[in-house]
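Biologist: Hello! I would like to learn how to read a protein model, one question at a time. Could you show it to me?

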Amino acid sequence: MECGLASTYTSSTAKPSSAVSGNRSPAKTGLHVNFTEKVEVKEKREKFLTAKYGAHQMSLIRKRLAVEMWLLEELQKLYNLPKRDPAVEGIECEVEVDIDDLLDMDDDCQRTQFLQKLLSSAKSKENIKEFIERLLEKIKTL
């Protein structure tokens with residue numbers, strides 16, 4: 001942004017013009033400030049906020065992620081779904097197991113009953129009991 005000053009002041013005895021009110025001093029009647037904007041278009045950089053986690057918090061996040069990835073793979077096996085990369089494309093599954101809901105339950109008996117009811121529509125029923133046992137072991141580590 002540029003700032004320019006235009007002055008028409010010629011002498012200290014100059015009289016104010018009729019357009020200027022009488023309460024201004026005659027020395028400041030011809031002063032004007034002209035602002036001109038330089039037109040420079042710069043690409044605006046996107047700003048991202050990143051958080052730094054401590055080593056302990058990061059190990060907990062990695063552990064949780066490992067359990068969730070294992071859970072996803074096992075559900076694909078139980079429901080005979082084709083293996084896909086979850087990072088590339090979304091995976092649609094007939095059932096969704098929420099680890100937080102399982103952790104909120106009081107004991108393993110409740111968790112087992114909940115999972116058996118939830119997985120009743122699985123295509124390979126013989127592996128459900130083993131899957132539930134392994135899942136309960138894994139969520140105890142979280």
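Biologist: Let's start with Leu-60: in which helix is Leu-60 found?

Modeller: Keep in mind that this is a predicted model. Leu-60 has a C-alpha atom 7.4 Å from that of Leu-142, although the two are 82 residues apart along the chain. As for the element, Leu-60 is found in helix 1.

Biologist: Is Leu-60 buried, partly exposed or exposed?

Modeller: Buried means under 20% relative accessible area, and exposed means over 50%. The value for Leu-60 is 36%, so Leu-60 is partly exposed.

Biologist: Let me step back to the whole chain. In what order do the elements run from the N terminus?

Modeller: The chain has four helices and two strands. Reading from the N terminus on, the order is β-β-α-α-α-α.

Biologist: What share of the 142 residues counts as buried?

Modeller: The cut-off to apply is a relative accessible area under 20%. Of the 142 residues in the chain, the share that counts as buried is 18%.

Biologist: How are helix 1 and helix 4 oriented to each other?

Modeller: Two packed helices are described by the angle between their axes and the distance between the axes. The axes of helix 1 and helix 4 come within 11 Å and cross at roughly 175°. Angles over 145 degrees count as roughly antiparallel. Helix 1 and helix 4 are therefore roughly antiparallel.

Biologist: Which residues of helix 4 take part in the contact with helix 1?

Modeller: Helix 1 brings Val-67, Trp-70, Leu-71, Glu-74, Leu-75 and Leu-78 to the contact. From helix 4 come Ile-128, Phe-131, Arg-134, Leu-135 and Lys-138.

Biologist: The structure holds one aromatic pair. How are the rings of Trp-70 and Phe-131 arranged?

Modeller: A pair of aromatic rings is described by the distance of the centres and the angle of the planes. For Trp-70 and Phe-131, the centres are 5.6 Å apart and the planes lie at 10°. Planes under 30 degrees apart count as stacked. The pair is therefore stacked.

Biologist: How many residues apart in sequence are the parts that this pair ties together?

Modeller: Trp-70 lies in helix 1, while Phe-131 lies in helix 4, which covers residues 128–140. The pair therefore ties together parts whose separation in sequence is 61 residues.

Biologist: Are Trp-70 and Phe-131 buried or exposed?

Modeller: Anything under 20% counts as buried. Trp-70 has a relative accessibility of 11%, so Trp-70 is buried. Phe-131 has 3%, so Phe-131 is also buried.

Biologist: Beyond its neighbours within four places in sequence, which residues is Leu-71 in contact with?

Modeller: Leu-71 is among the core residues that touch the most other members. Leaving aside neighbours within four places, its contacts are Val-97, Ile-99, Phe-131 and Leu-135.

Biologist: And how far apart are the C-alpha atoms of Phe-131 and Glu-74?

Modeller: Glu-74 is in helix 1, residues 55–78, and Glu-74 is buried, with a relative accessible area of 11%. Phe-131 and Glu-74 are 57 residues apart along the chain, yet their C-alpha atoms are separated by 7.5 Å.

Technical notes
Residues are numbered from 1 along each chain as its sequence is written. This is a predicted model: local features need pLDDT of at least 70, side-chain atom pairs count only at pLDDT 80 or more; totals for chains, interfaces and linings use all residues. Side-chain values use heavy atoms; hydrogens and water are left out. Buried means under 20% relative accessible area, exposed over 50%, partly exposed in between (1.4 Å probe, protein chains only). Rings of Phe, Tyr and Trp (its six-membered ring) pair if their centres lie within 6.5 Å; planes under 30 degrees apart count as stacked, over 60 as edge-to-face and the rest as tilted. A nonpolar core is a set of buried Ala, Val, Leu, Ile, Met, Phe, Trp, Tyr and Cys residues joined through side-chain atoms within 4.5 Å. Contact means heavy atoms within 4.5 Å. Axes are lines fitted to C-alpha atoms, for helices over the stretch in contact, and angles run from 0 to 180 degrees between N-to-C directions. Angles under 35 degrees count as roughly parallel, over 145 as roughly antiparallel, 65 to 115 as roughly perpendicular and the rest as oblique.
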